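Here are a few notes to read alongside the model. Take them one at a time, with the viewer open.

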Amino acid sequence: MTNPMHDEHHDHLGSKMGMWLFIFTELFLFGGLFLVYAIFRSKYGEDFHHAAEELNVFIGTLNTVVLLISSMTVAMSISAIQKGDSGRAIRLLLLTIVLALVFMVNKYFEWGHKFEFKLYPGSPVLGNLPKGELLFFGLYFMMTGLHALHVVIGCVLLGITIPKIAKKQITSERYTFHENAGLYWHLVDFIWIFLFPMMYLIT
Amino acid sequence: MEKHHISSYTSHGIVLTVLLTLTALSVTIAELHLGAISVAVALLVASIKGTTVLTYFMHLKYESTFFKVMVAGVFAMYALIIIFTFFDYIFR
Amino acid sequence: MSTSETHAQVSYLEHQGKYKGILGWLTSTDHKRIALLYMYSMLVFFSVSAILGLLMTIEKAAPGQDIMTAQQYNGFFTIHGVIMIFIIVIPGLAAVFGNFALPIMIGARDVAFPKLNLFSWYLYIIGAILGVLSQFAGDGPPDTGWTFYVPYSAESSTNVIFALTAAFVLGFSSILTGLNFIVTIHRMRAPGMTFFKMPLFPWSLYATAWIQLLATPIIGITLLMVIAERVLHIGFFDPALGGDPVLFQHLFWIYSHPAVYIMILPAMGVVTEIFPTFSQKPVFGYGAIAISSLAIAFVGYFVWGHHMFTSGISYWSRWFFSFLTFIVAIPSAIKVFNWVSTMYGGSIDMKPPLLYAISFIFLFMIGGFTGLTLGSLATNIQLHDTSFVVAHFHYIIFGGMGFAFFAGIHYWYPKIYGRMYSNRWAYIGWGFLFTGFNLLYFPQFIIGIQGMPRRYFDYLPEFQWGHFLSLIGAIILLSGFIIMVSNLIYHRRKGAIAPANPWKGVTLEWQIPSPPPVENFDEIPTITRKPYFFGKD
């Protein structure tokens, strides 16, 4: 009530701009880690090569496919809401969240596998590896961990979107929140697109 | 509310197909063990995929010029950070 | 609950929202109230940190241990630095005057995201409290210095994690403020106000906001990496585990050098508003000042390496960063020329805001020139980590940003509170502050050149004269601060009623009542002229 003007002056473009600016900060947050990766990779090329072979390319590829599909379903759900088809928008969002869960379950097994072989930060096994491999696993856990955290945040955002659609707070006339949640989800996908070759493929 | 471009479901499907194909390509190339250039190829493919996501899924194609300039500028800034940091590591 | 018509003219100070009293302030999304929330919290933390500074000066008044142990001294300079940098000067001018004046100056009713704005303040308070808690929780106050250099920050047994988390949270708050300002400036300018009809303080905030947005995440991830190093023993920066301590310095300064511009750009913006008003003359070289803000922001982003000349970075890297450091002096100098030219031939009215603004130029120039001394490779080796550096950045941060803050508060005070302060006490306060400041920091230049290292709690007897003068200066400075603040606090309720436009200013904030009504404008003005139009060209 302090500011009755805000509702009338709902600014779709302004909110979207704000989301993009936030995405930039997220990119720079990961950018710091990518920089560290680049420096150490140039320093310990061989070790990174060996360590990367420990990772399971199949799981990595599977997760890439899962995230790419989920990115598409989010984009489709926005098309659906723009066309006024809220039922389909909700179904597509639910599908996205299911795919995110598949991603996280895969991740869980992957990490669990590493822990089984005592390949976790601070473990004695890891400590005996060459320094470059040690750093690779440090980066692996830090980067995929931070990324997984963003998957969770993205899921929460999408999860908030669904009841908003159901309650008609998000409609074909007004879907800023939905679009911004979608942008965030694409960011999660975008970062993974770079993480995947850096961790799994550059062997 | 201003008129917005609505992407069709089919176009999203096409974009996904492109992304999946590029992923398959990237994995296949990695299996070939091309040595030094495999890094460059992997990053190149990733950049194409990333650009595709930005352009179509994130709707950058249909945004105003300002948004495009902003995104390009941010990536340019990041590239400069990498280059200037490597200025130290390359010549050390 | 009243309708918007009836409360349109109620001032933001008296406006009665959903909650009364202090709760009304803590839940208000009004940009003017949030600005004051920032200012009051900063006053509290600044006082704490200033007293820590005074205690350090007392300790150094005579050689040997006087009032504290070496370990306590380490804790003191760390928390003094953390508070002053992360809690006072980085949010500083942008959060207080940016929040207060930016929406009004561009003809908006509020910032783009008012709730996010309030959220930023809460993050700020959480971060600040974490910073203070680090002093008491765990195994003693952190002793790494505000720079958190590894490997020591990864090994120190003190409570470093709290301080790191505090800096992380404060950084997040700073990012959100920057984000808010960029969208506000892009989307909420009054009709007719193009970018080049916008006053220059918003311009400087715009440049600042981009640095806040693009530099802060880097320190965020760096601090997380240090935390990971301490908790999980990942060795990013530990040579024993293959890591590289110099890499930490790169990452740290990629943020922390631009952070200097986060502090100084809004300061430049504030004095740019003051010079035309008190000269009653359009600002000289509007375009040059506007563009030089962006230039400083951009080039300033890429000079971080000049903090690392003695850290063993490559020859070409040193050459390059030194070169860029000299380049960044050019847009700064352009601004100084423009300010002086603005005053030239104007009808100068030496009111307290102008006096503070002029001393800003004086002190900033000393800070700037000594910065060039440090930025050139040969002299840097002699001066690195001496008290010369300490004097240099206090001239920039306190002499620059601090005096600009004082100039700003004396300038906008009538608008903020609708009252006038006593000019006489403002002049007296200025006299103490200016004298005390120079007496405190100038000797540090000299003993620094002679070899007095920074962050040492003990020293050779030949440096005593300098430290003793500093102590006298510190006492005078603190007295000046108390005089200034008392003057402002006392007249907040007791001062003469301020007219809407006591300084004959021409920017939009002077066209609305003092203090401003809740939503600033009855009707959003339409802008047809360039800013700074004093009725003659």
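1. Ground rules first. This is a predicted model, where local features need pLDDT of at least 70, side-chain atom pairs count only at pLDDT 80 or more, and totals for chains, interfaces and linings use all residues. Residues are numbered from 1 along each chain as its sequence is written, while chains are lettered from A and ligands numbered from 1 in the order in which they are written.

2. Chain A has eight helices and zero strands. Helices (H or I, at least four residues) and strands (E, at least two) are DSSP runs, numbered from the N terminus. Along the principal axes, the C-alpha atoms of chain A fill a box of roughly 65 × 30 × 25 Å.

3. Of the 203 residues in chain A, 49% count as buried, that is, with 20 or more other C-beta atoms, placed from the backbone, within 10 Å of their own.

4. Now look at where chains A and C meet: 29 residues from chain A and 37 residues from chain C take part in the contact. Two residues are in contact if their C-beta atoms, placed from the backbone, lie within 7 Å. On the chain A side, α2 (12–43) and α7 (131–166) each supply at least two residues, and α2(A) gives the most, with 14 residues.

5. α12(C) is mostly covered, with 19 of its 24 residues buried.

Methods:
Buried ≥ 20, exposed ≤ 12 C-beta atoms within 10 Å, placed from the backbone.
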